[in-house]
Amino acid sequence: VDLSDSVIHLFCGHNEVGKTTLQEAIRYGLYGETVRIEKKGEYKEMVKEGAKSGSITVDIDDNSVTRDVAKGTCDPEIFEPPDALRYALDAHRFSRLSADDRRKFLFRALGIRIKPADIKKRLLKRDIDETCIDGILPLLVSGGFNGAYKEARSKTTESRGVWKGITHETYGAVKAEDWEAEKQFTEEDNEALCDARNELATANDELDNLMVEKGQLQAGAAPKKHEGMQLTCPECKTKLVYQMGKVSRYVPQDDEPEGEQTPTALDTQISQKRAERDAIQHEIVALEVKELQDSKLDATTKAAYDAHQKVLSWKALEEELAPDGLPAEIISEAIEPVNNHLKASAALTGWKTCQIDALMNITMDGRRYSLQSESSKWRCDAMLAEAISHLTKTGILVLDRVDVLDIPSRVQLIKWLVSIS
């Protein structure tokens with residue numbers, strides 16, 4: 001079959017005469033794609049009945065490809081037909097792809113280059129944490145946006161796990177915003193600790209004084225020999241006391257032992273004061289332990305806050321790298337020529353306008369592709385395949401099953417093909 005003598009070729013005939021087979025043969029010859037058989041061991045069934053072997057040879061410009069039908073092997077293997085040619089040979093291929101695969105194909109076909117430096121610049125303008133950006137740049141190079149997005153999503157999950165490990169609670173963005181470790185050391189405890197430290201200082205001073213006084217008594221020295229000495233007036237029997245060099249009327253004090261101190265009495269007071277001091281010390285230790293535990297809880301609160309901030313940073317980056325984020329923005333800029341070409345095709349044919357949005361959804365006059373009739377889907381696929389062929393300079397377009405169109409639509413198709421050729 002020689003397709004070099006004119007621009008448009010129509011293959012007409014009854015059912016099962018080989019019209020579609022010709023299209024499939026070209027695809028099999030160039031790419032090894034089999035439409036009707038999946039297992040390689042069954043390729044021999046494609047050889048014509050009665051024949052022992054078969055081959056397909058396809059000449060494109062100065063390149064020639066020959067493929068053994070039964071084996072699927074190609075000679076020479078060095079020729080690699082352009083990827084976009086697959087979509088020109090099989091007009092329905094693009095619409096059958098997943099949204100992610102459509103995006104990947106258009107990035108390749110339209111020559112969109114993901115430059116890490118440019119992506120980083122865009123992300124920094126969105127106030128994304130630079131350390132997080134640097135963490136996904138290698139994935140952006142090796143796995144594209146999809147690889148980087150998966151890495152950011154994984155890091156978000158990992159950061160949530162870190163927060164849970166710190167708090168022993170299930171992560172929640174609202175809860176984590178003002179989460180604090182529950183403290184035991186209250187303001188009342190702080191006041192009690194201050195009071196106890198003052199009481200301890202007083203108790204230690206009093207104990208030191210008692211110890212000094214006991215030492216003086218034991219040494220027989222008793223300085224302040226007459227200080228505090230109680231006397232009785234020989235005339236009126238009034239009790240007096242000698243204090244600071246003067247004799248004055250004695251006024252009894254609460255809990256004041258009468259008479260002079262003795263070593264035994266001092267020992268009793270010292271024991272009582274020590275017990276009092278030890279009780280205060282025990283109270284201080286208990287409160288200080290409580291305070292120390294709370295100081296560690298402050299560190300826990302800060303660690304939880306830092307982990308939450310890391311979750312927010314990774315989540316923000318994840319959202320930017322998601323299909324509806326930065327990739328959608330970039331692809332929107334790139335597919336503008338595609339959509340403009342599709343609008344022009346719709347104007348030439350009088351058909352519904354086919355468009356591709358940033359999320360890779362295909363629509364006809366704003367309605368989803370999946371909701372279209374069979375003939376409307378065919379029109380959409382034809383215009384998509386032609387746009388891909390045109391923009392990638394593939395130079396060929398194969399449209400099968402034209403009989404799905406009614407007569408007026410076939411006329412529109414022929415006029416369109418003539419005008420674009």
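1. In the hairpin of strand 1 and strand 2, with two residues between the strands, Asp-61 takes a positive phi near 50°. Strands here are DSSP runs of E with at least two residues, helices are runs of H or I with at least four, and both are numbered from the N terminus. Two strands count as paired if DSSP finds at least two bridges between them.

2. A word on the ground rules before going on. This is a predicted model, in which local features need pLDDT of at least 70 and side-chain atom pairs count only at pLDDT 80 or more, while totals for chains, interfaces and linings use all residues. Residues are numbered from 1 along each chain as its sequence is written, and side-chain values use heavy atoms, with hydrogens and water left out.

3. Three strands make an open sheet in the order 1-2-3, with antiparallel pairing. Strand 1 and strand 3 are the edge strands, each pairing on one side only. Strand 1 (residues 55–60) joins strand 2 in the antiparallel sense over six bridges, and Val-58 stands opposite Val-65 in strand 2. As a reminder, strands of a sheet pair through backbone hydrogen bonds, either parallel or antiparallel.

4. The bridge partners in strand 3 are Asp-75 for Thr-66 and Cys-74 for Arg-67. Strand 2 and strand 3 also form a hairpin, with five residues between them, and Gly-72 in the turn has a positive phi of about 80°.

5. Arg-67 deserves a look of its own. Is Arg-67 buried or exposed? This residue of strand 2 (residues 63–68) is buried, at a relative accessible area of 7%. Buried means under 20% relative accessible area, exposed means over 50%, and partly exposed is in between, using a 1.4 Å probe and protein chains only.

6. What does the side chain of Arg-67 reach? It reaches the backbone oxygen of Gly-29 at 3.1 Å, and the side chain of Arg-67 also reaches the backbone oxygen of Leu-30 at 3.5 Å. Leaving aside neighbours within four places in sequence, Arg-67 is in contact (heavy atoms within 4.5 Å) with residues including Tyr-28, Tyr-31, Ile-56 and Thr-73.

7. Strand 7 pairs with strand 8 (residues 362–364) over three antiparallel bridges, and Ile-356 stands opposite Ile-362 in strand 8.

8. In the loop between strand 8 and strand 9 lies Asp-365. Asp-365 has a positive phi of about 55° although it is not a glycine, and it is exposed, with a relative accessible area of 54%. Arg-401, in the loop between helix 12 and helix 13 (407–420), also has a positive phi, of about 60°, without being a glycine. Arg-401 is partly exposed, at a relative accessible area of 38%.

9. Among the residues lining the largest cavity are Phe-94, Leu-106, Val-338, Ile-356 and Leu-384. Helix 4 (99–109) and helix 12 are the elements that give two or more residues to this lining. The largest share, four residues, comes from helix 12.

10. Finally, helix 10 (residues 326–334) has buried residues including Leu-326, Ile-330 and Ile-331. What covers the buried residues of helix 10 includes helix 4, helix 5 (116–125), helix 6 (130–167), helix 9 (263–321) and helix 11 (336–349).

Note on methods. A polar contact is a pair of N or O atoms within 3.5 Å; within protein, one must be able to donate a hydrogen and the other to accept it, and residues adjacent in sequence count only if both atoms are side-chain atoms. On a 1 Å grid over the protein atoms alone, a cavity is a set of points where a 1.4 Å probe fits but cannot get out, and a pocket is an open set with protein on both sides within 12 Å along at least five of seven lines; lining residues have an atom within 4 Å of a point.
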